[in-house]
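Dear colleague,

I am handing over the structure below, and my notes on it follow directly after.

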Amino acid sequence: MLSLRQLIQQDSNHNLLDLLSSLCQGSIAVDEQGLILWMSDAYRSLINVPEGLDPIGRPVEELLPTTQLPRVVQSGKPSFVDLMQINNRWCVVTRLPIRNPENVVLGAIGFVFYDDLDSLQPLFDKFARLRRKFEDEKILRPSRYALDDMIGSAPATEQLRRQALRAAQLDTTLLLLGETGTGKELLAQGIHHASPRRAGPFVGINMGALPESLVESELFGSAPGAYTGANRAGRVGKIQLADGGTLFLDEIAEMPLTMQAKLLRVLQEREVEALGSNQLQKVDVRIIAATAKDLKQLVQTGEFREDLYYRLNVLPIQIPPLRERLADLPELTEFMLTQIQRQSQLPELSLSATAMEWLTHYRWPGNIRELRNRLERGCVMAEGQQIEALDLGSDDEAITDADTDSAGTDLKHVRMEAEYQRIQQAITQCNGNKTAAAKRLGISRASLYQKLSSHR
Ligand SMILES: Nc1ncnc2c1ncn2[C@@H]1O[C@H](COP(=O)(O)OP(=O)(O)OP(=O)(O)O)[C@@H](O)[C@H]1O
Ligand SMILES: [Mg+2]
């Protein structure tokens, strides 16, 4: 059985070893006892072998105190990429055990692949930046919006903006209340952005989107090996991640009752205990909770803890639905149309007068989000230069009158009946042409359709 020494001797011209060295910045071979068998010239100058000293046959530690080669020989395990300091220079090294066909370790070879990591610093910085960005996008929802991104100058919107600005200055818990799509998340981000915590993280977590079994570890984190789930390594909870910043608890009404008790403790003590850690850690977070539901009612039905409700309800901010700030529509639609056209590279489109009218007659259950969706749809459906009412939605979706629940229903019925008769008459006079009939009546085509359909 040949030893590594004999193998190297067989390769008397060192063809193989020279080839290996030419592929890297230096290479070294040791035998099964850690004695140096071979060393490339580059390696010699890298480790500064004194003039006249022959390293061959010497223990590798003598010349290189930090070497790991004897360990590789002992364990028989390679270390593919490692960092090692040689003469104050950080190097990237790889170490491989050499085995004979019987799998006996004969020695090891070490390669230096890079001997000047400082020149790689820009690359490392770029990597760190990219990784931070990736992590940010993955776990933290960075605060993308400022309060200025909130469009609209209806009185209700202006009041909301003023309220938000004041709330941003206070460090109290906030409860954002509003129907779906009214801009609760936008507002939460805007408030964080305007608050003294703006330099800290904005961490959002949606209670409605998490299975109950995951809520605890997501929020509070878990110690390594705390549970036999997918995350044995342990994880940092979102509350901890928000340390120094703002924690946005979206759809708070969906929070399981047991978690509500734990959250209450965080609010009271400003401490978190990761699952299975038995350790309390101080956290400094500002909590903004949001819900579209009636929390008070959930308290009554026992689905939401009363004590937590009062803790959260310190400073409630009610976001009015879009139908109560219709004056925002022109600004909102202009802003969104520009945005949609920029993103989708669709031709520039404007809203026809009837389309605008349709918007003001619609009830907007999905609020501002729905407005955006309908405008997107309108941009795709439009056939001419303008978006027409029918591109936004059907006529019977729009409402003719908001006071449906008033005591004047009888009167309204009479009026609607009279209108219907008059419209039918006009349509007959215009030979069935509804557009012409609308014109004759001095109303838009959309409202003519609305009036006809609401009569049905
Ligand atoms: N005042 C506003 N100006 C411009 N865009 C807005 C405004 N309010 C909301 N939006 C936009 O409308 C969409 C819905 O807003 P957001 O997600 O904040 O609503 P939400 O109240 O959190 O809804 P949900 O209850 O469904 O989660 C987002 O795209 C947001 O950017
Ligand atoms: Mg939301």
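The C-alpha centres of domain 2 and domain 4 lie 50 Å apart, in a chain that is divided into domain 1 (4–119), domain 2 (140–320), domain 3 (323–393) and domain 4 (409–455), with bounds that come from an automatic or database domain assignment.

Please keep in mind that this is a predicted model, in which local features need pLDDT of at least 70 and side-chain atom pairs count only at pLDDT 80 or more, while totals for chains, interfaces and linings use all residues. Residues are numbered from 1 along each chain as its sequence is written, and chains are lettered from A and ligands numbered from 1 in the order in which they are written.

Ligand 1 is surrounded by 15 residues, the closest being Ile151, Thr180, Gly183, Lys184 and Glu185 (a residue is near if its C-beta atom, placed from the backbone, lies within 6 Å). Two or more residues of this shell come from each of α8 (184–194) and α16 (367–381), where helices are DSSP runs of H or I with at least four residues and strands are runs of E with at least two, numbered from the N terminus. Domain 2 and domain 3 each give at least three residues to the shell around ligand 1.

Strand β5 (residues 105–114) pairs antiparallel with β4 (residues 89–99) over eight bridges, and five bridges join β5 to β1 (residues 27–31), also antiparallel; pairing requires at least two DSSP bridges between two strands. Val105 of β5 is the bridge partner of Arg99, and Ile109 that of Ala29.

Kind regards
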